[in-house]
Structures are given as structure tokens and as C-alpha cells.
Amino acid sequence: MIGPNTDSTLGRPKENRVLENKKILLIVAGGIAAVKVPDLIRRLRERGASVTCILTKGGSQFVTPLTLASLSGNKAYQDLFSLTDEAEMGHIRLCREADILLVAPATADIMAKMTVGIADDLATTALLATDKPVMIAPSMNVMMWTHPATQANLQTLKTREVQVIGPGAGDLACGEVGDGRMAEVPDIIAALSRHFQKSRGEGPLQGYRAVVTSGPTHEPIDPVRYIANRSSGKQGHAVAAALANLGASVTLVTGPTNEPAPDGATIVKVETAAQMMKACSEALPAEILVCAAAVADWSVAGQTGQKIKKGDKAPALKLAENPDILATLSQPGPERPALVIGFAAETENLITNAQLKRASKNCDWIVANDVSTGSGVFSGDANTVHLITADGVEDWPTMAKRAVAERLAERIAKFAERNL
Ligand code: PMT
């Protein structure tokens with residue numbers, strides 16, 4: 001990682017406490033991934049959620065009721081016909097009192113039972129009796145996952161609005177490799193957060209602040225002339241709109257453009273790089289900074305404030321270096337946004353130059369685009385970008401700038417959710 005941030009440094013804004021006081025009925029079925037459940041419970045409780053567990057007979061082969069009860073602070077229920085359990089908390093009340101039922105791990109067996117409505121133990125009875133949303137995190141051998149029976153069950157469950165997280169691909173406990181690994185704990189937390197945000201009509205970036213730069217800068221030569229570039233602001237404005245759409249509180253600092261102000265963003269209009277630098281500094285603190293503006297690298301030095309007269313020979317302009325906004329704001333310090341994203345506009349050696357820029361400007365991610373003559377990227381409606389992070393390079397297909405922005409915003413939201 002070249003930037004100073006590790007994933008864990010993206011701070012959770014105080015107001016983004018979507019899991020607080022949420023009641024989660026966690027059904028633990030019999031899969032090796034049940035060993036991840038203690039960590040899941042810990043993290044849910046850290047976020048203020050209350051967790052009650054139902055452990056299937058299979059699940060109890062991997063994790064004990066005592067562990068689940070100690071970590072959740074609530075009794076772990078196991079037996080449908082236990083008089084004590086039924087007297088304390090009937091199975092109907094158990095699932096009625098929850099805000100959501102989460103099955104993790106969800107085995108092929110429990111998915112099949114859910115599909116056909118078998119209720120032969122406490123877990124499956126609760127799943128059949130519930131009137132609450134249900135989320136499952138499947139975990140099984142790759143052949144079981146890809147088996148037509150499981151895939152058919154999955155489709156049926158989806159049509160009943162059961163939310164499915166994962167599974168991911170990788171080494172499986174059985175020694176085989178492929179799809180079937182239960183989603184990682186942060187992904188499960190992120191999916192639960194998304195669920196509750198959606199139900200509140202909020203986006204996943206609710207509570208996050210973002211500063212976005214867009215458009216060109218105009219560097220005056222004299223009171224009537226200036227140096228500019230061909231940036232239209234389409235890409236940067238689309239990024240601001242996409243972040244605002246996901247609930248972020250966005251300040252868009254823009255050079256002169258004809259683009260309409262995106263809904264939901266606070267707009268700060270500037271002309272020069274120096275003004276953009278000042279406006280961005282004033283817009284901080286923020287958790288997210290996206291620099292999509294084509295900032296002029298130089299301004300004209302020694303302006304007199306008078307129009308330059310046409311004389312015998314053309315005047316020689318002396319240029320002075322402008323502040324580098326991205327490089328300045330990504331320096332380590334208390335004001336540094338947790339996630340800093342630059343754009344790299346290149347005409348040759350796109351990926352190598354963009355990687356060097358990511359390093360030299362100390363940003364976390366850089367979005368590389370080829371702006372050679374004929375690419376149509378400056379001012380056009382489409383863009384072909386490559387997202388460069390500490391993990392490598394992702395090649396995205398050619399898309400409308402709006403779609404590039406939406407995909408980038410989704411990535412930002414996923415990153416933020418994983419690192420709450
Ligand atoms: O506006 P459009 O017509 O939609 O076009 C979109 C775009 C091509 C302008 C956009 O996709 C893009 O690539 N923006 C970055 C343009 C640029 O200046 O790239 P650069 O490689 O020169 O700079 C690298 C990064 O440093 C950029 O994030 C830039 O905003 C930032 N920078 C550069 C110079 C400077 N003085 N301050 C900066 O912050």
C-alpha cells in the first residue's frame with residue numbers, strides 16, 4: 001500500500017450507526033463456516049445490534065451453544081420441543097421479535113428445507129413461521145453449490161425475496177477449490193447495513209462526506225485571456241451525482257463548465273487552480289476525496305492586471321507551477337480524507353504512468369483514462385477506465401461516464417461499508 005491508509009483507517013462517521021438496536025435472529029446451521037460465527041456476533045454487538053442464536057443439530061458440531069450464548073449475551077436456542085425454551089420464548093415470539101433472520105452458514109440442506117417449507121427443527125420452524133426479512137450466507141462444497149437442485153432452490157428463495165450474500169470462491173474446507181465459501185464477516189455486516197439503510201430509505205454512504213473536483217481550471221493570462229483545457233466536467237459531475245445518490249453529503253468544487261449542478265450536492269464554483277485548492281481545503285474534513293478535475297499544472301506568472309497590448313512580437317509567457325491539489329490533500333495528517341481517489345489522464349503508457357502517479361501523489365486509488373487524440377474522453381459522453389488500487393488493476397469496459405461514476409460510487413460504498 002503506497003498511501004498511508006490501510007482499509008481499517010476509514011473511520012465510521014458517528015451518525016452511520018445503522019445496526020444499532022437492531023435485533024438479529026442468527027440461525028447457525030451445520031457447516032465448517034460456523035467457526036466464523038463468534039467473530040460475526042462480536043462485530044454485530046460492537047455495532048449495537050442485539051443477537052439471539054438458534055443452533056441446529058449440525059451447527060452444534062462446529063460451535064457450542066455456550067460460546068454463542070456467552071458472546072451474544074442471550075440464550076442460544078436449540079430445541080423445538082424443549083419445554084423450558086418454549087416456556088421462556090416460544091418459537092413464534094423468537095422470530096416475531098427479530099428485525100431480520102440471518103442464516104449463516106446456510107447449508108444446502110437448510111436451503112432445500114426452506115424451499116419446500118420443511119419445519120422439522122427449531123431453525124426451520126422459525127424460518128417458516130417468520131414474517132420478517134430473511135438473509136442467507138450459503139456455505140458448502142462447490143459441487144453441492146453448483147448442483148442443479150441447489151441452484152433451483154436458490155432461485156426459488158430469491159423469488160421469495162430471501163436476500164443472499166455470497167458465497168465467495170476460494171479454497172474450501174473439503175480441500176476443493178471453487179464457489180462455496182461463506183461470505184466474509186465484513187461482507188455480511190455490510191449486507192445487513194445495506195438492508196437496514198434501504199429500509200430507512202437511505203443510501204449506503206449516508207453519513208459520509210465527500211469532496212469531488214471537476215472540470216477544467218482557467219488560468220488568466222491577462223484580464224481577458226486565459227489558459228484552459230478541454231475538460232467538460234461530465235465525469236466529475238457524474239461522480240458527485242452518483243455519490244450523492246448513495247446518500248453521501250457531497251461538496252462539488254468545479255471549474256467553469258456547462259454541466260448542470262448535480263442534485264443533492266453543494267456546489268462551489270471556482271476558476272483557477274489556486275481557488276480550487278482553497279475551496280477544497282475549506283470543504284474538508286471529509287472521509288472521501290475524488291479529484292476528477294483537469295487542473296492546470298501552470299499559471300501565468302507576473303500578471304500586471306492590464307490587457308497585454310499587441311506589439312511587434314508575440315509576448316513570451318512565463319509560467320509558474322500551480323499547487324497540486326490531490327498531492328497536497330493526500331499528505332498524511334489529521335485532515336487527510338480516509339479514501340483519496342485521483343484520476344490519471346494519460347496519452348501513453350497508461351497503466352504504468354497511472355501507477356507512478358498513484359504513488360507520487362500518495363492517493364489510495366487512481367482511475368486511469370486514455371485521453372489521446374481520438375479517444376473522445378475529454379468532453380465526450382463515454383469513458384474506458386482502469387481502477388488502480390493497492391490490490392492491482394481492474395479493467396472496466398467502455399461505459400457512459402454516468403455508469404463509470406455509478407460503478408465507482410458503488411466501489412466506494414463497498415469499501416466504506418467493509419471498513420465501518
Ligand atoms: O471533464 P470531462 O470532459 O468529462 O473529462 C474527464 C477527464 C478526462 C478530465 C477525467 O476523467 C480525468 O481524467 N481527470 C483528471 C485530469 C487530470 O488532470 O489528470 P492528471 O493526470 O494531469 O492529474 C492527476 C490527478 O492529479 C488528477 O486527479 C487531477 O485532478 C490531480 N491534479 C492535477 C494537477 C493539479 N495541479 N492538481 C491536481 O489535483
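**Before you start.** This is a predicted model, in which local features need pLDDT of at least 70 and side-chain atom pairs count only at pLDDT 80 or more, while totals for chains, interfaces and linings use all residues. Residues are numbered from 1 along each chain as its sequence is written, and side-chain values use heavy atoms, with hydrogens and water left out.

**Stop 1: the whole chain.** Along the principal axes, the C-alpha atoms fill a box of roughly 105 × 40 × 35 Å. Of the 420 residues, 50% are buried (buried means under 20% relative accessible area, exposed over 50%, partly exposed in between, with a 1.4 Å probe and protein chains only).

**Stop 2: the ligand.** Select the ligand and the residues around it. Which residues are closest to the ligand? They are S231, S232, A293, K357 and N369, out of 29 that surround it (a residue counts if one of its heavy atoms lies within 4 Å).

Now display distances to the ligand for these residues:

- S232: a polar side-chain atom lies 2.6 Å from a ligand oxygen atom.
- A292: a backbone N or O atom lies 2.9 Å from a ligand nitrogen atom.
- P323: a backbone N or O atom lies 3.0 Å from a ligand nitrogen atom.

The protein covers 96% of the 760 Å² of accessible area that the ligand has on its own (areas come from the Shrake-Rupley method with a 1.4 Å probe).

**Stop 3: S231.** Select S231, in the loop between β11 (226-227) and α10 (234-245). Is S231 buried or exposed? S231 is buried, because its relative accessible area is 15%. The side chain of S231 reaches the backbone nitrogen of G233 at 3.4 Å, a polar contact (a pair of N or O atoms within 3.5 Å; within protein, one must be able to donate a hydrogen and the other to accept it, and residues adjacent in sequence count only if both atoms are side-chain atoms). Leaving out residues up to four places away in sequence, S231 touches G215, P216, A294 and F378 (contact means heavy atoms within 4.5 Å).

**Stop 4: I227.** Select I227 in strand β11. With a relative accessible area of 29%, I227 is partly exposed. Finally, select A29 as well: A29 and I227 are 198 residues apart in sequence and 65 Å apart in space, C-alpha to C-alpha.

Key. Helix = DSSP H or I, 4+ residues; strand = E, 2+ residues; numbered from the N terminus.
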